[in-house]
Each structure stands twice: as structure tokens, then as C-alpha cells.
Amino acid sequence: MMTSTGPWFDMYLAARDSVVLNYNPFMSFNPHPKTEYNDPLIRATNMVVSAMRFMKTLRAGYLEPEVFHLNPEKSDTKKFKKLIRFVPSSFSWFGAYMVNAYPLDMSQYFRLFNSTRIPRPNKDELFTDERARHLLVMRNGHFFAFDVIDKDGNIVNPSEIQAHLKYILSDNRPPADFPLGYLSSENRNTWALLRQKLLENGNEETLKKVDSAVFCLCLDDCLVKDYTDLTHTMLHGNGYNRWYDKSFSIIMTRDGTAAVNFEHSWGDGVAVLRFQNEVYKDHVERPAVSPEARPVAVDSCQAVHRLEFKLDDSLKAGIIQAKQKFDATMKTLTVNNVQFQRGGKEFLKKHKVSPDAVAQLAFQMAFFMQYGQTVATYESCSTAAFKHGRTETIRPASIYTKKFCEAIVKQPSKHNASDLRTMIADCSKYHSQLTKEAAMGQGFDRHLFAMRCLAATKGSSLPDFYQDPAYKQINHNILSTSTLTSPAVQLGGFAPVVPDGFGIAYGVHDHWMGCNVSGYPVRNVKEFLDCIHQSLDQIFDVLEGKPVQS
């Protein structure tokens, strides 16, 4: 099925809000299982090399396709993969279809490397230059660049990469007086004007170096204390040691904690997660350098270029103003997290309920406990089964979740255990149906979005439906949720999409559940997390046939 993605790109690129908090999420890597490999120099070198291996495999056309396996016992096997290789490409889709394996769209991967979002008045543009061979490295707000691919298209010797990174880490100059990174956190129209001034001041070649780099590696001097600190560091950081417009950045702290922060207009978590999974696996299983290895003797002074920007007084004033805005905004964000250790996927599947449905039911219950109402809720669902597919919305708040919330919170003594178990089963069944419909393009949000765009392109007035307060209310997503679990990922996070909302990143693991929540001052994040934990306890009580604790 063909889809026109222009309006979806336009929605992101025409948005004038800062990309920080409003759009860019993060996903942090699990630590390397061998502690000595978490040394920031060793880990950064290995991750850069693994990222370049991934890029070369992708561009050579050898990257294994993304496939959704409905029956993994038959299709996700070495035997089937070997067999399908010998089937002509014009028929291979049919072979996959016969075993319920559906290849997923991978068109977003083109923008993964050498790409940047360029600020323009009223609507930004995406820039990609696959010819560029250098890595952008940021430290203390200073910009450095060196080649990681040689002129023959091969990855530069890992020990040379290590030497160059060591050279940058040994650079003792203080933080930049006017760190340009702050500008990428600005309102997009303000940033577009300032970028034009940068060009007029003779910075065109320097900016092109930033824009065309394979990706950005941010080397931070801080240590990560806990998950809350990790979220603040990777979601927004200090502002001066970031270039938020790059398609993605790998952020590395002084203790070797690493994460990916990515710009959202070009693609979704599916492509970034695949990249993250492959880089994590490769840097663990095939490390390019070991802790015992010493960097080769190489003239990093010649190979590493420090990028210098020419700044006039108006640009310096713009940076100061961007910093003030950034600092003020970041102070308003609260983040916190909870781990529920009573059970996870295995327990819930044993009780024949969907793990995702239970997590979403807990969010509904928690908000109902805290505020006494049901609100618009968004759960992201990939539509990569379609050509150029992006996402569809699952709407977890339903008559079934509302009924259970009221039963537990308002009338706990009125319902017996069997009734409550039936209600949970109904929630699970309906949520699973919504998930399947969304993944197969049968949700309603994107269809309504498309019709609205069509009306706008024809110059006709919007139908009354779009003026209805209910339409406005369902698109004011107070609970914005997204889930992922992966052996590579420790934690993910994003900010709320509305000022009075919660941003809920969560994962349901085999034996536990985790939840990382963000909010602004109008919401109490800690209390909401306590309510989520209490809600999960109550759901588990019902499933185990125990009296529900109020």
C-alpha cells in the first residue's frame, strides 16, 4: 500500500517549537557486561567503529531486512532465511507471506547517517550528504571533526580513532565562552534567522562540516548518579555540548554511560532501535579495541580539526538569550521512575492477559486515582508494514478501562473477584484489538489527519467535525506513552506533549515492569508513579485471586 508522507514530514518540519523536550527522545544503552569496557575512551571508540560497520552494511545493501514475524517458529529461523535467499526477489514476498512473515519498510534508514535538520523560516528542511566521511565530536561546547572513513571507503583503523578521541578528551581548554550548541535548542524561526547570520559571518564551510557529519558524538564530563539524573542528561543535558538537529547523537558521560538522542522529523524509534541493538551487540561481541590496547602513535593534531565559528555581537547575544531560555525551560521539567518487581510478561501471559494492556490499564487507573477522570491517551504504534509507514495511534482509554477504574477506585466492595478478572480480560481483549488495527492501518487518527490535510490543500473550509470540542480534546494527549524492550536498552524517555500532561516511557520485561515519567509543574510526577505502582499491585491482586488492597 502506497502512502503519501509529505504532510507528515511537513507537520514536524513546520513546527516552530524547540526540538528539545518537544520532539527529541532518548534511549540509553545498557552498560557493557564487562566493566573495564565501560571506560569512556574504550567504549566511545568501540561504539563509533560499530556504528560505522552498521552504516557500511546498510549502504552496501547487506543489512538483514526488518521483518514482522507472526509465526516466528516457522519464519524466524536460519533454515527459512537461507532458503528465502535463493528465491527471486519478485517472488520472495510470497514466500514470506506463506509463513506469516511481513517485511517492514526501511526507507527511514536513509536519513540515519550524514543527516541534519536545517532551520528555515516557517518550515525546516532535512539535509543529507552521504559523501562526507567525518565524525562530529563535541566536548565542553567545542566542536571537533575527524575522518572515520578513509578515501577508499574503509573504516579508519580503530586505534587511530581511539587516538583521536583521546586527543579530544585530553583537550583542557575551558568550556566555550559562547557555545553554539544552545542555538539548536531555540525556537525554529529564531534559529533560522541566527543561522542566516552565521552564514553571512563566513561560517558556511564550518556549518556544512557539522551538518554533513556521519553523526554527532557528545563527550560529557559529568557522572550519572541514578535514572533520574540519566534522563535529564540524555533527554536535554546542559545545552552547550549538544547539536540537537543532528539525525542522532551518541552521548557518552565520564563513567561510560551512553545513550542515543535523536531528532524525530526524519524517522521513528524503529530505525533508531535497530541501529542501537546492532551497535550494542557488535561492540560487546566484536570490540574493535580492548582496555589493554594503546592508541597508535598518530598525529591527531593534524587529523583532528577544531571547528571555529566567527561570531559578531548579535550572534553572541543570540547565544546568551538561547541559554537563558534553555535553562529556564529545563528547570520546569520533573522526571522520576519506578520499577515494579512483582512480575512481568511471564506472569501476565500465564494469566492470559496482554502485558501491554495491563501496563496501559495501570496508567488509566493511576490518573483516575489522582485526578478522578479519564483523559485522552496516546500510545505510539509503528505502521512500518506499509510503504513509507510511520506511526498510528492506539487509544488505550476505553469504556472497558473506565469501567475497571471506577470499579476499583469508587466501588471496590461492590464487585467480586470473578467480575474484576472478567473486566481485566475485557480490557486486554479490546486493547489487543486496537493494537492490531493500528498496526494494520485501521486506526482513525492518521485517517482524520489525512482528510484534514486534503481539505487544506483544496482550499476548502474544514468540516464542522474538526471544530468540535471533542476532536480538540482527544488531540490534547495528557497521557503520552511509548514502550520498548530490548537487550540493548536500559531506559528511554521523552517529555510530555502538552503542558498539563505526562510523558510515559515504559517497558514490560519478563519478570518486572519499568516506567520513566516526565511532567511539568502542574502535575505531580512522584504521586502519579506511586499511583501506577498501587494500580499494578491491585491488578496483580485480582489476577492472583487476592483481596484488592486499597
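A: Helix α1 (residues 6–14) packs against helix α17 (residues 445–457) at an angle of about 85 degrees, and their axes are 10 Å apart. Helices here are DSSP runs of H or I with at least four residues, strands are E runs of at least two, and both are numbered from the N terminus. Axes are lines fitted to C-alpha atoms, for helices over the stretch in contact, with angles from 0 to 180 degrees between N-to-C directions.

Q: What is the orientation of α1 and α17 to each other, parallel or perpendicular?
A: The two helices α1 and α17 are therefore roughly perpendicular to each other. That term covers 65 to 115 degrees; under 35 is roughly parallel, over 145 roughly antiparallel, and the rest oblique.

Q: Which residues make the contact?
A: Pro7, Trp8 and Met11 of α1 meet Arg446, Phe449 and Cys453 of α17, where contact means heavy atoms within 4.5 Å.

Q: What sort of model is this, and how is it numbered?
A: This is a predicted model, in which local features need pLDDT of at least 70 and side-chain atom pairs count only at pLDDT 80 or more, while totals for chains, interfaces and linings use all residues. Residues are numbered from 1 along each chain as its sequence is written, and side-chain values use heavy atoms, leaving out hydrogens and water.

Q: Turning to α12, which of its residues are buried?
A: The buried residues of α12 are Leu315, Gly318, Ile319, Ala322, Phe326 and Met330. Buried means under 20% relative accessible area, exposed over 50%, and partly exposed in between, with a 1.4 Å probe and protein chains only.

Q: Why do they lie on the same side of α12?
A: They cover an arc of only 100 degrees around the axis, which puts them on the same side of α12; the arc is taken from the directions from the helix axis to the C-beta atoms. An α-helix has 3.6 residues a turn, so residues three or four places apart point the same way.

Q: What is on the face turned away, and what covers the buried side?
A: The face of α12 turned away carries the exposed residues Asp313 and Gln324. The cover over the buried residues includes α7 (188–200).

Q: Where is Val214 found?
A: Val214 is in the loop between α8 (204–212) and β8 (216–219), and Val214 is buried, with a relative accessible area of 0%. Its contacts beyond four places in sequence include Met52, Phe113 and His134.

Q: And Ser480, buried or exposed?
A: Ser480 counts as buried at 6% relative accessibility, and its place is in strand β15 (residues 479–483).
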